[in-house]
Amino acid sequence: MPAYNHTFFAPVTYILTGIPETEVSHVWISIPFCLMYVATLFGNCLLLFIILTERSLHEPMYLFLSMLAAADLLLSTTAVPKMLAVFWFGAVEISFAACLTQMFFIHVSFLAESAIILAMAFDRYIAICDPLRYTMILTKSVIGKLGLAVVTRSFCFNFPVIFLVKQLKFCRTNLVPHTYCEYMAIVRLACDDITVSIWYGVATAILVIGLDAVLIALSYGLILRAVFQLPTNDARLKAIRTCSSHLCVILVFYTPVFFLIFARRFGHIIPGYILILLANLYVIIPPMLNPIVYGLKTKEILKRVINVFHRWCRGSSLLS
């Protein structure tokens, strides 16, 4: 639905163009994305199944991990199926309502993941710095309230995004140079003043994600101080190992976030298709890696995963 000159129109549909300058390679690009998405679904669903069915894992750390797995599933499933449809079938059209819905839930899951990782840092802080009161502080009631706060914060910061986009006037085009509806990509199609919309997006990223990162760093500063006060090297190593999985998840989540922020700041140097490719990788690689990290580095989960596979193999051999 092209627009002519400065005739404003309310877009009924958007056209997702995929990754610019790589159209001939879309099918090949889709193969690793499809494999990573399958791995994401399998890993996070398996993690949720193990945590929910094993009563011994109904502890604060694993309950937070189940929240992270749910956010990972929401983030990847909101973006990747449409991405694959664009790559495979040329299903480039998306309605305005569907576009807003996709954009909203991508950003909700993104902010939720950041908040859950912060909650997990608080969990590690209590476990190491105040272990005797760990179960008294992080009761199931407290964890439930923290989960509700995560969801509430994510929704509250993202509801204004919907209203800001709906207030914009579009006149140029409805072609979105992306594989999913990303907030800044939609805003830049508008013909009226987008200063408020741009600043809201930037402020949300800096205030929310930046504040979460600062609080996580503060938590680990206190954790390290407590670790170095332990009497023996074995005790220090054990304490550090309990944080290793969470530290890996922090790196997996925040490294690409800040890289993308700086890359967009210097977007005139980095080609646009590279930025879009990085944005696509961001919605699939962290959700894929998180269950792998915790599955390999957490003995309790690894043992349950092996038991599940043993039961499945035994069941399939009996059926055959």
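Close-up 1. Cys 34 has its place in helix 1 (residues 26-53); helices here are DSSP runs of H or I with at least four residues, strands are runs of E with at least two, and both are numbered from the N terminus. This is a predicted model, in which local features need pLDDT of at least 70, side-chain atom pairs count only at pLDDT 80 or more, and totals for chains, interfaces and linings use all residues. Residues are numbered from 1 along each chain as its sequence is written, and side-chain values use heavy atoms, with hydrogens and water left out. If you set aside the neighbours within four places in sequence, Cys 34 is in contact with Leu 84 and Trp 88, where contact means heavy atoms within 4.5 Å. Between the C-alpha atoms of Cys 34 and Ile 19, which are 15 residues apart along the chain, the separation is 16 Å.

Close-up 2. Two strands are said to pair if DSSP finds at least two bridges between them. Strand 1 (residues 13-16) pairs with strand 2 in the antiparallel sense, over 3 bridges. Look for Tyr 14, whose bridge partner in strand 2 is Ile 94, and for Thr 13, whose partner in that strand is Ser 95. With strand 3, strand 1 pairs in the parallel sense over 2 bridges, and Ile 15 stands opposite Leu 175.

Close-up 3. Axes are lines fitted to C-alpha atoms, for helices over the stretch in contact, and angles between N-to-C directions run from 0 to 180 degrees. The axes of helix 3 and helix 5 (residues 140-167) come within 9 Å and cross at roughly 150 degrees. Their crossing is right-handed, the term for a near helix turned clockwise from the far one by less than a right angle, with anticlockwise giving left-handed. Residues that meet include Phe 104, Val 108 and Leu 111 in helix 3 and Phe 155, Phe 159 and Ile 162 in helix 5. By class, this contact has 17 nonpolar, 4 polar and 2 charged residues; Ala, Val, Leu, Ile, Met, Phe, Trp, Tyr, Cys and Pro count as nonpolar, Asp, Glu, Lys and Arg as charged, and the others, Gly among them, as polar.

**Close-up 4. The disulfide.** The structure holds 1 disulfide, meaning a pair of cysteine sulfur atoms within 2.5 Å. Cys 99 is joined to Cys 181, S to S 2.0 Å. Cys 99 belongs to helix 3 and Cys 181 to the loop between strand 3 and helix 6 (183-187), so the link ties together parts 82 residues apart in sequence. The link of Cys 99 and Cys 181 is left-handed, with -120 degrees about the S-S bond.

**Close-up 5. Helix 2 against helix 10.** The axes of helix 2 (residues 60-89) and helix 10 (residues 285-297) cross at roughly 155 degrees and come within 9 Å. The two helices are therefore roughly antiparallel to each other, a label for angles over 145 degrees. The crossing of helix 2 and helix 10 is left-handed. Leu 65, Leu 68, Asp 72, Leu 75 and Ser 76 of helix 2 make the contact with Pro 286, Pro 287, Asn 290 and Tyr 294 of helix 10. By class, the contact has 6 nonpolar, 2 polar and 1 charged residues.

Definitions and conventions. Angles under 35 degrees count as roughly parallel, over 145 as roughly antiparallel, 65 to 115 as roughly perpendicular and the rest as oblique.
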